[in-house]
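Please keep the sequence and the structure in view while reading.

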Amino acid sequence: MTTQLSPSVRHGSPVNSAHSGAHRQPNPGLVRRTFLGRPEDPRWARPALWAVLALAALLYGWGISSQSGNSYYSAAVLSGTKSWKAFFFGSLDAGNYITVDKPPLALWVQALAARVIGVNGWSLVGPQVLMGVAAAGVLYATVRRGFEGALGRTGAPAAALIAALVLALTPITVAINRDNNPDTLLVLTMVLAAWALQRAVQSGRLGWLLGCAVFIGLGFNTKMFQGYIVLPGFALVYLACASGGLRRRLGHLAAAGVALAVSSLWWMFIVDLWPSSSRPYIGGSTDNTVWDLVIGYNGLGRIFGGSGSGGGGNSANFGGTAGIGRLFNSIMGGQISWLIPFAAMALVVALILRGRAPRTDRARAALLLWGGWLAVHFAVFSLSEGTFHPYYTTAMAPAIGALVGAGTVVMFTTTRRWAWALPASIAVTGGWAFVLLRRTPSWNPWLAWLVVAATVLAVAGLVIVRLTPRTRSRLALGATIIGLVAALAGPAAYATTTALSGTGDGTNPTAGPASASSGPGGSRGPGGSGAPSGSRPLGGQAPTGMPSSTGSSTGSSADASSGRPGGASGQINSQLVAYLQQNQGSATWLVAVNRAQSASSIILETGKPVIAMGGFTGSDPAMTVTKLQQYLKEGKLRYVILGDDNRGGDSAVTSWIKSNLTIVSAGQYGGTSTTSSSTNSGVTLYRYG
């Protein structure tokens, strides 16, 4: 097969990256370059990129005005619009009793938007859409720059375009970008870090490496240690591939370490140095410090399960049993694994073909960057024993996209014995797509067979080209395009189904048909569907401009950290909420409940601060008898609800409430029973005084 692309890949010879820009025209201006591309780019490159970004925006943003996201984070966003103190700390409630169990960076983005346009789908999910599209654009720029010396003026944009398209169509990425969990911002910060690292490797300039460290620090302040998963690979890439002597590279890495520490830990140090008596309790921690949250609940607890060194029962399993095959199981397979085999094969082949390149070869550095990203994520996500949600794997999508894009062009252009790698990769990918699609035999059954037919056609065309070298290259190009269509058909179908569904699970978002990500009992993941069929965790409608407290976000999943099915054991109805509003008086908090899922629902429905005594899991040691007595005596709190959580919260606090507060008969707020021991839908309301 012949090709017009750079011969460097075909012959395995290095190409000096500086040569690629030797004949470039002067910079045409930022605006023109943004919309029309660089003068040396193919005419189709920039319009094709805009088409991919438009597709991503459509998939992520379809129907977002009706989305309410994860009620836990949505309530914190609402609270952040009412109190700058709640904004800074990431408090669940505007009264600043307890924070959410993550750093507040993602909440800041949404809360700033909400302060302008109100708390609604546009402010909760709109920023996610923009950040998701931006991540695809940055990935395109990063892949193109990384491979333009090796793949030429046509091959590099083609690889970058495929990378952006893969990211846009990754099913779990579509699901999480239609939600307000912090993972979308995490992905954007990591892709920006990769972009800066690549510039640092190519130029040897410290400033770019410091920028990379700052972006990773932003990722830390989005999801703590998950933002650090790329660190080992990034550090090794700079050490091995950057220009300059070893001492210079080590010095740069040391300086970047300082920048990383500052950008990562500044918020944590401010909060932990703040007097605990005048700030909210740190949700998810065992000792009211962010440090414990970092090491325990969001650190060791995620890796080893149990409580780690904190976090209280951090062992929910939403992605299947830990093990090397986790990402390919019946829950995870359709979310992220479609192109993992292709990416792995492409990485191996491309690295072999760059074997004789100099140490600073930019294409090999890019391969190591994305390969290290994918390998470390794969190992951590596969083997972690702690809480694991399918949507965590959206962090793998940029690396998969980059390797698939670069690998496709690399394998397309080689005429050596590795020329068989492309048809082999397409065959394996098509076969795996068939397996994934047949796991849901009643959902579009024709699609699996269409994928098989396209795969066979693509492989046959590439085999013919390999056996008859004089065959016209148009056949090879056509066969490769058909192979890519076959590889992306399954993910595209899952992505489209997710976008058009209009609703989702705000706590544990997954993509595709419901049966494709089912756990025991046919529900989405081990948690089941939450509240009993037909019931409402909180009756009534949310105020205008605020998301409803019902639907996907409140009763849709198990407690994401305890693994307990069904959400709240008791249902707090609208009559009870109305009673609390009528009798709040001058109290700071409307009511105290055991766990954040119930508190967030009431916050969203009423706009009033609510205490979640046990935090998200219901087991945080945030409330003590002394603290509760102080709130009640000072008039900051009048009512407490027990029974919204099977755990019952802290036993001493629960016992004190039962012994010292007065039960409010359900009949007083619309219940059917008037006995002194009555409950309403499994909950009991207590009054002070």
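In helix 16, the buried residues are Ile340, Pro341, Phe342, Ala343, Ala346, Leu347, Val349, Ala350 and Leu353. The model is a predicted one. Helix 16 covers residues 340-353, which is 14 residues. From its first C-alpha to its last, helix 16 reaches 20 Å, close to the 20 Å expected at 1.5 Å a residue. An α-helix has 3.6 residues a turn, so residues three or four places apart point the same way.

**The chain as a whole**

The chain has 689 residues, and 60% of them are buried. Among contacts in the chain with a separation of 6 or more, 73% are between residues 24 or more positions apart. The accessible surface of the chain is about 24800 Å², and carbon and sulfur atoms account for 63% of that surface.

**Salt bridges**

How many salt bridges does the count come to? The count comes to 5 salt bridges. The table lists some of them.

| Glutamate 148 | Arginine 362 | 3.2 Å |

Glutamate 148 forms a salt bridge with arginine 362. This pair links distant parts of the chain, since glutamate 148 is in helix 8 (residues 126-169) and arginine 362 is in helix 17 (residues 362-383), 214 residues apart. Buried means under 20% relative accessible area. Glutamate 148 has 8% relative accessibility and therefore counts as buried. Arginine 362 has a relative accessible area of 13%, so arginine 362 is buried as well.

**A buried asparagine in a loop**

Asparagine 96 lies in the loop between helix 5 (84-89) and helix 6 (105-117). Asparagine 96 counts as buried because its relative accessibility is 12%. The side chain of asparagine 96 makes a polar contact with the side chain of serine 91 at 2.7 Å. The side chain of asparagine 96 also reaches the backbone oxygen of alanine 94, at 3.2 Å. With neighbours within four places in sequence left aside, the residues in contact with asparagine 96 are Ser83, Lys85, Ala86, Ser91, Arg279 and Pro280.

**A nonpolar patch on the surface**

Which residues form the nonpolar patch on the surface? The patch is formed by Val31, Phe35, Leu36 and Trp50, which together have about 440 Å² of accessible area. Helix 2 (residues 30-36) gives the most to the patch, with 3 residues. Tryptophan 50 is in helix 3 (residues 45-61). Because its relative accessible area is 35%, tryptophan 50 is partly exposed.

How values were computed
Residues are numbered from 1 along each chain as its sequence is written. This is a predicted model: local features need pLDDT of at least 70, side-chain atom pairs count only at pLDDT 80 or more; totals for chains, interfaces and linings use all residues. Side-chain values use heavy atoms; hydrogens and water are left out. Buried means under 20% relative accessible area, exposed over 50%, partly exposed in between (1.4 Å probe, protein chains only). Contact means heavy atoms within 4.5 Å. Accessible areas come from the Shrake-Rupley method with a 1.4 Å probe; for residues, only the protein chains shown count as cover. Helices (H or I, at least four residues) and strands (E, at least two) are DSSP runs, numbered from the N terminus. A polar contact is a pair of N or O atoms within 3.5 Å; within protein, one must be able to donate a hydrogen and the other to accept it, and residues adjacent in sequence count only if both atoms are side-chain atoms. Patches are made of residues with over 30% relative accessible area and no salt bridge: like charges are joined within 9 Å, nonpolar side chains (Val, Leu, Ile, Met, Phe, Trp, Tyr) within 5 Å. A salt bridge is a side-chain nitrogen of Lys or Arg within 4 Å of a carboxyl oxygen of Asp or Glu. The expected span of a helix is 1.5 Å times one less than its number of residues.
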